[in-house]
Amino acid sequence: MVTLITRPRRFGKTLNMNMLEKFFSVEYAGREDLFEGLYIWGLEKYRKIQGTYPVISISFANIKEQDYETARRKICQILSDLYSRNRFLLEENILDDKEKQFFEDVAADMDDVTATLAVHKLSLFLSRYYKNKVLIFLDEYDTPMQEAYVNGYWGKMVFFTRSLFHASFKTNPYLERAIMTGVTRISKESVFSDLNNLEVITATAPKYADCFGFTEEEVFAALEEYGLSDRKKEVKDWYDGFSFGDRNDIYNPWSVIRFLVERKVGVYWANTSANSLVENLLREGRPNVKQAFEELLRGRSVHVEIDEQIVFDQLFVKKNAVWSFLLAGGYLKVAGTVFQEQTGRRYYDLALTNKEVHIMFENMIQDWFSGSDDYGDFIQALMLNDIKAMNFYMNKVTSEMFGSFDTGTKPSEKQPERFYHSFVLGLMVELADKYVITSNRESGFGRYDIMLEPRTQANDAIIIEFKVQEDDEKELADTVQKALRQIEEKDYQANLMARGIPKERIRKYGFAFCGKKVLIGILSPALT
């Protein structure tokens, strides 16, 4: 009875909903000109029902408010406008006095009872007038929910939305069918409790796989029509890669259209939204999330189990929740699946969708450190092996950035760990042309923190070990020496030397933390 289709933003969800409204709504009865010549018009059983249903069409796409009161009022205004468009019902002598009063009570400042029953009641009124059950189309249902989570009023919005959806889609005997669209599948416990008549079509479901976005055949035909046939590989690298169900050749429609207009590739789709939640998930996420992004930025995949039901208030704490959100948003694609029969679990190999998304994340990471020139100055000092300058600039960087890479309301003992994984991603973006950068990998007799392997003989290799000052270490200098001894004792240079890099071309640094204070030291000949 109710179908929820989730697809990334700018993938034609609104266009499809508009098409469905025009096909079914009694307001467009007799409009053969809209569909004549199209495939569906050749199917008599569908042609007979064009323009025969009362339709309630709603969009929450513009509910992007910073507080609950404003968001709720805006939703109420949308419902009030819906009633205004159907005000003719008051003149048709089909409503009793109480129903007319309810009709008049629907306004931007109505109470919760009236607001959550508004769609249910309008369904009754329309079905009574047209003598047919209604179709309800709700576009971008989850936009208010995402904004509520980002801006801290999730609980209130969940309570309101759950009541609205229950009355509209569950306890509504005047409903024929309903379609909802959104980017994410919010968990049933959050807003869809008791909605057992719901079919969910997520990115991994085969149904409607080619109905959103452009197929490769469509894109290549468009390029030929525009005289751009020689740009097929370039467009494929930048905008292909979205996978829905069993289709792996879906292109980003917004970016393809912009390319046809501008006739040059660019980061079009990724820049059409603030991406604030995505950035928060990466910036403030656990170290294992940042480590996985190291692999993704190298063009590799991550192997995870995902649950496509999004629980927003568990995004930072529930294992793998971040990957579910990024897959639903189109930032990741399914590169492969593995089903374990003994456990009944399905695991996914996820990769960055395409070059446009890859560049978007690189730009996002660069922006973390773009508040000042200190990070760039530190990188330059590192390349020059200028210890004094490295210490000066790194202390400025940590004083500015530590809070940005930690979550929660109280200081965390994991701040240095969160910071250095963000630091690694920053290095990967800044120095990707000069080094292969890895972290937390095995080498020798342990796992190093950071390794920079030069791509050419022009640069030295670099090993960095991070240490937090312990209670028995009186000075940060003691912590630095402990880090440097660990590099030697664990023989972290083994992998580099196995690749032919001489010992004298391997620089080894110890980074010691005490709060936001940092001391950097380099391995002296006495320790070597």
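Me: What makes up the secondary structure of the protein chain, and how are helices and strands told apart?
Reply: The protein chain comes to 20 helices and 20 strands. Helices are DSSP runs of H or I with at least four residues, strands are runs of E with at least two, and both are numbered from the N terminus. This is a predicted model, where local features need pLDDT of at least 70, side-chain atom pairs count only at pLDDT 80 or more, and totals for chains, interfaces and linings use all residues. Residues are numbered from 1 along each chain as its sequence is written, and side-chain values use heavy atoms, with hydrogens and water left out.

Me: Why is Thr3 called buried?
Reply: Thr3 has a relative accessible area of 3%, and buried means under 20%, while exposed means over 50% and partly exposed lies in between (1.4 Å probe, protein chains only). Thr3 is therefore buried. Thr3 belongs to strand β1, residues 2-6.

Me: What makes the pairing of Thr3 with Arg177 a polar contact?
Reply: Their side chains come to 3.4 Å. The definition asks for a pair of N or O atoms within 3.5 Å; within protein, one must be able to donate a hydrogen and the other to accept it, and residues adjacent in sequence count only if both atoms are side-chain atoms. Leaving aside its neighbours within four places in sequence, Thr3 is also in contact (heavy atoms within 4.5 Å) with others, including Ile179, Glu199 and Tyr208.

Me: Why are α12 and α13 called roughly perpendicular?
Reply: Helix α12 (residues 276-283) and helix α13 (residues 287-297) pack at about 105°, with axes 8 Å apart. Axes are lines fitted to C-alpha atoms, for helices over the stretch in contact, and angles run from 0 to 180 degrees between N-to-C directions. Angles of 65 to 115 degrees count as roughly perpendicular, under 35 as roughly parallel, over 145 as roughly antiparallel and the rest as oblique. The two helices are therefore roughly perpendicular to each other. Where they meet, Leu281, Leu282 and Arg283 in α12 face Val289, Lys290 and Phe293 in α13.

Me: What makes α6 roughly antiparallel to α7?
Reply: Helix α6 (residues 143-151) and helix α7 (residues 154-170) pack at an angle of about 155°, and over 145 degrees counts as roughly antiparallel. So α6 is roughly antiparallel to α7. Among the residues that meet there are Pro144 and Tyr149 in α6, with Trp154 and Thr161 in α7.
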